[in-house]
Amino acid sequence: MFLNKIKSGESGILLYGITPPKSETSPERIAEIAEKTIARLIPLDIDALIVYDVQDESARTAEERPFPFLKALDPFIFASEYLGDLDIPKIIYRPAGKFSNEELSDWLNDLHLHQFYPVFVGVPAPDFPVKTSLPDAYKIWSRHEHTSVVGAVTIPERHEVLKDEDKRILDKMTCGVSYFISQCVFNVAYAKQVIEDLNITCKEENVKFPTIIYTLTACGSEKTLNFMEWLGIHIPDDLKEDIKNSENILEKSVNICLDIASELATFCTERSIPFGFNIESVAIRKDEIEASIYMVNKIAEMLDKKGIRKLKVVASPA
């Protein structure tokens, strides 16, 4: 179970991340999307499904957004009302600052009833009016700490600039956070540096190392590559050129992601650091969705070969 794996610090966790349908989508179409999603995911050997909260981050930067922002359905509603037939834990992202203490408390109670798990994220822009601070949100969650786990986000790019991601992680750990899901990783050096610095900090503070879950996302086009950069994901120049100049951008990016997964798995295993991977599928193109499924299976095989995670035989839907 996902809960037990996080609490015990087990490595090789596999997650799959999706965004809900757009908010203007009809209930019939939402049900159809959910049915297809469930059919794709049932055969996969994953520990939990992440359902993201889609926020408009345009205020974060002056650069024009490569894709228009479209409001999405509430992730808890999508998971609880449409994905019930998918019998795996759900992880729901939530910008805590958008909600009052009472609203957040009610939401956490609902989440707990469904055996879902929260990941609190920041507000879309620094000047966004905050109703509940992250420390307060963790305090509200703490009433469920014996039967739940709470996650947070870690951003290697932020550490490269501010050199304080290890301190940020430690601060959140003191609030009860036990696992961290990274922003999409294309710069392996950035991801490794966070681990190196956090490892030193945890030893100095005599703190158990948290589980780090690395997010990997296939890129199907140059426009998607630009969007990733707009989101703040750092793609090294050599990788960027390799992707742009390849005959098949999607295939090239998938191979890069698989290489990154293998390198990070070795890196963390050598340091006895609990880790896992989150494979995102946030595109609507069929080939990109299929690529994400392929990545899950290949990473599961890689972890099995390294003796980190045993491949499970998952029954296909009838």
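**Close-up views of a predicted protein chain**

**View 1. Threonine 211 and the residues around it.** At 1% relative accessibility, threonine 211 counts as buried, where buried means under 20% relative accessible area, exposed means over 50% and partly exposed lies in between, with a 1.4 Å probe and protein chains only. The model shown here is predicted, so that local features need a pLDDT of at least 70 and side-chain atom pairs count only at pLDDT 80 or more, while totals for chains, interfaces and linings use all residues. Residues are numbered from 1 along each chain as its sequence is written, and side-chain values use heavy atoms, with hydrogens and water left out. Threonine 211 belongs to strand β7, which covers residues 211-216; helices (H or I, at least four residues) and strands (E, at least two) are DSSP runs, numbered from the N terminus. Leaving aside residues up to four places away in sequence, threonine 211 is in contact with Ile6, Gly9, Ile13, Ser178, Tyr179, Phe180, Pro274 and Phe275, a contact being heavy atoms within 4.5 Å.

**View 2. Proline 129 in its loop.** Proline 129 is found in the loop between β4 (117-121) and α5 (134-141). With a relative accessible area of 62%, proline 129 is exposed. Threonine 154 is 25 residues from proline 129 along the chain, and the C-alpha atoms of these two residues are separated by 22 Å.

View 3. The secondary structure of the protein chain comes to twelve helices and eight strands. Of its 318 residues, 52% count as buried. Among the contacts in the protein chain with a separation of 6 or more, 80% come from residues 24 or more positions apart. Taken along the principal axes, the C-alpha atoms fill a box of roughly 55 × 50 × 50 Å.
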